[in-house]
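Opened the file and made some notes as I went. I wanted to look at the cores, the sheet and a pocket.

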Amino acid sequence: MKLIKYVAFLFLVLIGISSCKKTSEKMVINDVKNQQPNIIWLMAEDMSTDLEIYGMPNVKTPHLNKMASEGIRFDNAFVTNPICSPSRSAMMIGTHQVKTNSQHHRSNRKVPLDSIYKPFTKLLRDVGYTTILGHHGVMKKGRKTDVNFKSKPIGKWDGKTEFGLFDKYDTFTKEDQPFFAQIQLDVTHRGDWWDDVREKSKHPVDPKTVTLPPYMADDAAIRLDWAKYLDQIEYMDNEVGMIFKELEDKGMADNTIVIFIGDNGRCNIRGKGYLQDTGLRIPFILYYPKQFKGGQVRKDVVSSTDITATIVDFAGVKVPDYMTGKPIFKKDFEREFVYCTRDLWDEIEEKSKAVTSGDWSYIKNEKLEIPYDAQQAYLECCTCDEKTV
């Protein structure tokens, strides 16, 4: 009888220890989860470093100015392709698009990724993040994904039968924390809304006073087009301000990292689609005053895939070996060059490569029969909407 009581006592003790251990594990998990920062990735379409903080004349961007003054401005950030879908594919995986066979514009959309690769949103979801696409308050809701592998915007991901990139659309709440939100700021993408934005602006940019890039012809039509482009940037800056206000109103500003970049260069000559500097160099501002002193300006050479790896690192996830991007804030971060390509773009079978260091670049055209300005149809069209891009 005593033996039975002793065994029963030991059993109860073991249950108690096990229960305490499980409770402790839950507390640790919840504690880690509560410490994870929210992350918002703002991606302005078709924009080079054409902001007031980068010295662009004639444009006013007070909200991005404030973001930079309280955050970090990077002066030498580059995409790996000057066209949207290959560039976005590299960022979504954190790996150069040539390695993942996603370098050709809007190709392979029915072809799953090789099983070694995963969208970085999957990595975030695995550690408890709610992943959100778009925003209820920006133009066209900013839901663009545009990647060159089999995917869908919302749903689960296993890479075999499920190909969803995000959990939900448009809104972030306290219940979603920790959350990651990717928001496209579409207004800077060339489109038929440019005239409407300009007409509704309280202070449209004066075409007569704009300072054109030196390689552009000083013509009235070009001056007006440039002024319209700057009008879109000012509209976009107001959208950034709106998102920051929402964070403040919801009491989530202190624990939210905000990243601002462009997806490729501006849609003008030597910009989008070109391997010259204005097609590859993008604005990049990172705001997280909880961890980083504001007002910093960094001259590091940064690839857009490094931004992906940095987000993964912020979330507390080990950066996979397949990523060509590296976390920017690790002590051993160092990048001398960014390697870029320009491949198939709609009807033009391009094959060009570039290496840029920030101070200089080398461009090689491997199809000599195709002129560098190949009269690509999209660039000949000034009012295309994003369905034709």
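Predicted model: local features only at pLDDT ≥ 70, side-chain atom pairs only at ≥ 80, totals over all residues.

The largest nonpolar core holds 52 residues, and Trp-41, Ile-259 and Phe-284 have the most contacts inside it. I checked where this core draws its residues from: helix α8 (residues 304-314) gives the largest share, 5 residues. A second, separate core has 44 residues, among them Ile-40, Met-139, Val-197 and Val-210.

Next I picked Ile-259 and listed its contacts, skipping neighbours within four places in sequence. Ile-259 touches Ile-39, Ile-40, Trp-41 and Leu-42, then Met-67, then Phe-284, Ile-285 and Leu-286, and finally Ile-307 and Ile-311.

Then the sheet. I found an open sheet of 8 strands with mixed pairing, and wrote down the order as β6-β3-β7-β1-β8-β9-β2-β10. Which strands stand at the edges? They are β6 (168-169) and β10 (296-303); each has a single partner strand, so one side of each is left without a neighbour in the sheet.

I zoomed in on one pair: β1 (residues 38-44) runs parallel to β7 (residues 179-185), with 6 bridges between them. Ile-39, one of the contacts of Ile-259, stands opposite Phe-180 in β7.

Last stop, the second largest pocket. I noted about 300 Å³ of space in it. How many residues line the second largest pocket? There are 14, and Arg-109, Arg-143, Lys-144, Thr-145 and Asp-146 lie nearest its centre. By class I get 9 charged, 3 nonpolar and 2 polar residues in the lining of this pocket.

Notes
Residues numbered from 1 in each chain as written. Heavy atoms only, no water. 1 Å grid on protein atoms, 1.4 Å probe; cavity = no way out; pocket = protein on both sides within 12 Å on 5 of 7 lines; lining within 4 Å. Points joined across faces, edges and corners; volume = space filled by probe spheres on them. Nonpolar A, V, L, I, M, F, W, Y, C, P; charged D, E, K, R; others polar. Core = buried A, V, L, I, M, F, W, Y, C linked by side-chain atoms within 4.5 Å. Buried < 20%, exposed > 50% of the residue type's maximum accessible area, 1.4 Å probe, protein only. Helix = DSSP H or I, 4+ residues; strand = E, 2+ residues; numbered from the N terminus. Contact = heavy atoms within 4.5 Å. Pairing = 2+ DSSP bridges.
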